[in-house]
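Here are my notes for your review of this model. Please read them with the structure open.

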Amino acid sequence: MSRIPVVLAGARGHGRWHLANIRRLERAGLVRLAGVCELTPLTEQEAGGEVPEQSADFGALLDSTGARAAVVCTPIPSHTDLALTAARKGVHLLLEKPPAPSYAEFRRMADGVAEAGVVCQVGFQSLGSHAVPAVRALIAEGAIGEVRGIGGAGAWVRDEAYFRRAPWSGRRRLDGADVIDGALTNPLAHAVATALALGGSTRAEDVDGIETELSHANDIEADDTSCVRITTAQGHPVTVAATLCAERAGEPYVLVHGSRGRVTFWYKQDRVLLQRGGHGPEEFEYGRTDLLENLVDHLTTGAGLLVPPEGTGAFMKVVEAIRRAPDPEPLPDSAWHRVPGESRRVVPGIDALVAAAADTLSLYSELGAPWAPRTERPLIEVSTR
């Protein structure tokens with residue numbers, strides 16, 4: 001089997017991970033790194049091996065290399081145009097998440113890709129975890145009873161330099177174009193997409209309503225401390241809470257609440273904990289299928305694509321709700337402090353609030369966060385110890 005020639009657009013930042021992954025698949029004899037699209041060419045050290053053809057012109061590079069597949073890991077506002085450039089040339093895609101900064105741009109991308117007859121894999125790596133179908137099977141067989149709701153929690157630590165890593169970082173808009181680089185739409189987007197996927201709510205039509213609470217402690221436009229509650233056509237809520245201002249970095253997870261138990265999925269670790277009445281806790285670890293490898297498998301053997309665009313429509317409805325929401329509120333100075341020597345901002349008590357939101361399917365305002373928007377809804381009492 002001949003190796004599939006691949007072009008990588010965006011090889012720095014998170015693109016370094018994709019570059020290393022392409023090199024891994026190259027050593028396995030599955031792909032060939034045919035080209036790199038970067039404004040500034042990579043050095044031999046950055047390329048991690050023989051330097052392939054390089055160009056700042058993505059379309060020209062696809063033509064000159066004869067690429068059959070491309071990985072796009074570029075600024076969010078460029079995703080749709082680059083995806084359509086590849087599609088028009090018959091080049092299949094792995095498109096980094098979020099696939100677009102608005103639902104309209106997402107539809108333009110997905111419809112254009114479909115019309116061109118190429119396939120697109122969206123880069124939600126957590127959806128390649130073998131734990132996803134395993135948890136779905138547990139739910140289907142009634143292991144935890146009737147699903148009452150799904151929570152997601154992400155408490156991460158990011159220093160102030162993180163929001164200066166690129167001109168679009170921490171922005172909602174840049175030069176008149178949507179960016180929507182918030183906690184729930186980019187760094188912790190996997191928590192949202194995975195929570196929706198475990199509940200079988202992946203398509204746009206699976207979303208009936210969305211509530212958002214968006215705020216930031218850092219000096220940015222976008223949100224760094226936020227939560228969202230999604231009303232699904234399946235009848236159960238999906239609540240995801242996230243922060244980049246945690247007291248301590250934690251492993252993000254999704255929690256499926258059932259009438260007779262619950263399932264916790266630490267999606268970066270592919271680890272699952274099943275807790276149910278009449279049984280002791282059971283823990284499982286799973287493997288994971290790499291999404292580029294799955295794309296190659298699809299092109300060579302016809303294997304099913306794990307994350308096609310239509311499977312991210314519900315996530316894009318969340319992105320659209322966040323885009324259309326009022327700009328995130330800056331937290332008052334009393335709600336955060338800097339960590340000495342670490343150049344990062346912390347919101348005291350946020351770790352417990354994030355966990356409580358996933359545990360009770362509540363928004364920050366319902367949990368009594370003093371800086372959250374006022375609400376007419378009754379407060380949910382939870383232990384934060």
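Is Asp 270 buried or exposed? Asp 270 is buried, because its relative accessible area is 10%; buried means under 20% relative accessible area, exposed over 50%, partly exposed in between (1.4 Å probe, protein chains only).

1. **Basis.** This is a predicted model, in which local features need pLDDT of at least 70, side-chain atom pairs count only at pLDDT 80 or more, and totals for chains, interfaces and linings use all residues. Residues are numbered from 1 along each chain as its sequence is written, and side-chain values use heavy atoms, with hydrogens and water left out.

2. Asp 270 sits in the loop between β14 (261-266) and β15 (271-276). Helices (H or I, at least four residues) and strands (E, at least two) are DSSP runs, numbered from the N terminus. Asp 270 is not a glycine, yet its phi is positive, about 55°. Ser 343 also is not a glycine and has a positive phi, of about 50°. Its loop runs between β18 (337-338) and β19 (345-346). Ser 343 counts as partly exposed, because its relative accessibility is 38%. Most residues other than glycine have a negative phi, and most peptide bonds are trans.

3. **A cis bond.** The peptide bond that joins Lys 97 and Pro 98 is cis, with omega about -15°. Pro 98 belongs to the loop between β5 (92-95) and α5.

4. **Largest pocket.** The largest pocket holds about 1300 Å³ of space. Its lining has 39 residues, and Gly 13, His 14, Gly 15, Cys 73 and Glu 96 are the closest to its centre. A pocket, on a 1 Å grid over the protein atoms alone, is an open set of points where a 1.4 Å probe fits, with protein on both sides within 12 Å along at least five of seven lines; lining residues have an atom within 4 Å of a point. Grid points are joined across faces, edges and corners, and a volume is the space filled by probe spheres set on the points. Helix α1 supplies the largest share of this lining, three residues. Both α1 and α4 (79-88) give at least two residues each. By class, the lining of the largest pocket has 17 nonpolar, 13 polar and nine charged residues. Here Ala, Val, Leu, Ile, Met, Phe, Trp, Tyr, Cys and Pro count as nonpolar, Asp, Glu, Lys and Arg as charged, and the others, Gly among them, as polar.

5. **Second largest pocket.** This pocket holds about 250 Å³ of space. Of its 16 lining residues, Glu 213, Leu 214, Ser 215, Glu 329 and Pro 373 are the closest to the centre. Strand β10 (207-216) and β17 (329-330) each supply at least two residues. β10 gives the most, with four residues. The lining of the second largest pocket divides into eleven nonpolar, two polar and three charged residues.

6. **Ala 11.** Ala 11 is in the loop between β1 (4-9) and α1 (15-27). It is buried, because its relative accessible area is 2%. Leaving out residues up to four places away in sequence, Ala 11 touches Arg 16, Val 36, Glu 38 and Leu 42; contact means heavy atoms within 4.5 Å.

7. **Cores.** The largest nonpolar core has 97 residues, and Phe 58, Val 256 and Phe 315 touch the most other members. Helix α7 (residues 189-198) gives the most to this core, eight residues. A nonpolar core is a set of buried Ala, Val, Leu, Ile, Met, Phe, Trp, Tyr and Cys residues joined through side-chain atoms within 4.5 Å. Beyond four places in sequence, the contacts of Phe 315 include Pro 98, Pro 99 and Phe 124.

8. **Aromatic pairs.** There are six aromatic pairs. One of them, Tyr 103 with Phe 106, is tilted, at 5.7 Å centre to centre and 45° between the planes. Rings of Phe, Tyr and Trp (its six-membered ring) pair if their centres lie within 6.5 Å; planes under 30 degrees apart count as stacked, over 60 as edge-to-face and the rest as tilted. Tyr 103 and Phe 106 both lie in helix α5 (residues 103-116), three residues apart, about one turn of the helix. Phe 106 is buried, with a relative accessible area of 0%.
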